[in-house]
Amino acid sequence: DMCKVIFRVKGMECSACASSVEKTVKRLHGIQDASVALLDGTAQVVFYPAFINEQAMQTAIEDAGFDVVEIK
Ligand code: 9UX
């Protein structure tokens, strides 16, 4: 079954930032879809929990240069 998570991401200041976060998450194994709302400062992700967890996504987002400040 799929799960959904929303990350609040700090540091996205333009559409290239948003695109970078979205691509970073989409490249990970186990991601069904990722969608960033720049003005909202959030990234919504649909994923397969058998293959990836929130921590792995957070690490990838942070490795790309952004801060995850909340997960819901
Ligand atoms: Mo936009 Mo983001 O010029 O790190 S790419 S601010």
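Which residues are around the ligand? They are Glu-13, Cys-14, Ala-16 and Cys-17, where being near means a C-beta atom, placed from the backbone, within 6 Å. That shell splits into three nonpolar, no polar and one charged; here Ala, Val, Leu, Ile, Met, Phe, Trp, Tyr, Cys and Pro count as nonpolar, Asp, Glu, Lys and Arg as charged, and the others, Gly among them, as polar.

A quick note on the model: it is predicted, so local features need pLDDT of at least 70, side-chain atom pairs count only at pLDDT 80 or more, and totals for chains, interfaces and linings use all residues. Residues are numbered from 1 along each chain as its sequence is written.

| α1 residues | Class |
|---|---|
| Ala-18, Val-21, Thr-24, Val-25 | buried (20 or more other C-beta atoms within 10 Å of its own) |
| Ser-15, Ala-16, Lys-23 | exposed (12 or fewer) |

The buried residues Ala-18, Val-21, Thr-24 and Val-25 cover an arc of only 130° around the axis, which puts them on the same side of α1; the arc is taken over directions from the helix axis to the C-beta atoms. They pack against β1 (3–10), β2, β3 and α2 (54–63), with contact meaning backbone-placed C-beta atoms within 7 Å.

As for the strands, β2 (residues 31–37) and β3 (residues 42–47) pair antiparallel over six bridges; pairing takes at least two DSSP bridges. Val-36 sits opposite Ala-43 in β3. The two strands make a hairpin with four residues between them, and Gly-41 in the turn has a positive phi of about 70°.

Terms used: Contact = placed C-beta atoms within 7 Å.
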